[in-house]
Amino acid sequence: MSSFAPVYREDARILILGSMPGDASLSADQYYAHPRNAFWPIMGALFGAGPEQPYADRLQRLMACGVALWDVIGNCRREGSLDSAIEPDSIVANDIPALINSCPQLTRICFNGTAAEQAFRRHIRLDANGRELNLRRLPSTSPAHAALGLAAKLTAWQQALQ
């Protein structure tokens, strides 16, 4: 399975990285398409890019606010949607360093959950060309991460992104 192309403009200041899209997202060809995923409600609260808007409008709104989206993993083998089911030896990472280098104002990378951060640290060799990047893991917005409710996730994301 393959992830999506990055969503960004060259003036992006924040890059949000997921691990790999789940089945619902792959079927819909949209980032965070599972109806119980908290990503779009959180983006709605923070940037006005909520799930009530058409998908293309949400992406445009995030880009206008300096937010870029992508996944650490470009290709992998996995049964189902859980990150724990990804076959580690099948992982091919996206070219995140190239994306970072094409966005000179980028200063912050936020990981949507532990799996995204771990994949990044295992598979990405970062050369930020002397730029200091703030790397921050946030609670996963996935419905599989039910330990935190929407309010707690929103608070953590708000503190990191604003």
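# Getting to know this chain

User: What share of the contacts in the protein chain with a separation of 6 or more comes from residues 24 or more positions apart?

Analyst: In this predicted model, residues 24 or more positions apart make up 69% of the contacts in the protein chain that have a separation of 6 or more.

User: OK, and how many helices and strands does the protein chain have?

Analyst: The secondary structure of the protein chain consists of six helices and six strands, and when the chain is read along its sequence these elements follow the pattern β-α-α-α-β-β-β-α-β-α-β-α.

User: How compact is the protein chain for its 162 residues?

Analyst: Its radius of gyration is 15 Å, which is close to the 15 Å that the globule rule gives for 162 residues, so the protein chain is as compact as a globular protein of that length. Taken along the principal axes, the C-alpha atoms fill a box of roughly 40 × 40 × 30 Å.

User: How much of the protein chain counts as buried?

Analyst: Of the 162 residues, 45% count as buried, while the accessible surface of the protein chain comes to about 7,900 Å², with 48% of that surface belonging to carbon and sulfur atoms.

User: And the charges, how far apart are the mean positions of the positive and negative ones?

Analyst: The protein chain has 15 positive and 15 negative charges, and their mean positions lie 7 Å apart.

User: Let's switch to single residues. Where is Asn37 found?

Analyst: Asn37 sits in the loop between α1 (23-28) and α2 (39-47).

User: Is Asn37 buried or exposed, and why?

Analyst: Asn37 counts as buried because its relative accessibility is 11%, and the cut-off for buried is under 20%.

User: Which residues does Asn37 touch, then?

Analyst: If its neighbours within four places in sequence are left aside, Asn37 is in contact with Tyr32, Thr141, Ser142 and Pro143.

User: Which residues is Leu135 in contact with, beyond its neighbours within four places in sequence?

Analyst: Those contacts of Leu135 are with Ile109, Phe111, Phe120 and Arg121. As for Cys110, which is 25 residues away from Leu135 along the chain, the C-alpha atoms of these two residues are separated by 6.0 Å.

Note on methods
Residues numbered from 1 in each chain as written. Predicted model: local features only at pLDDT ≥ 70, side-chain atom pairs only at ≥ 80, totals over all residues. Heavy atoms only, no water. Contact = heavy atoms within 4.5 Å. Helix = DSSP H or I, 4+ residues; strand = E, 2+ residues; numbered from the N terminus. Buried < 20%, exposed > 50% of the residue type's maximum accessible area, 1.4 Å probe, protein only. Rg over C-alpha atoms; globule rule 2.2 N^0.38 Å. Areas by Shrake-Rupley, 256 points an atom, 1.4 Å probe, with all protein chains shown as cover. Lys, Arg positive; Asp, Glu negative; His and termini not counted. Charge placed at Lys NZ, Arg CZ, Asp CG, Glu CD.
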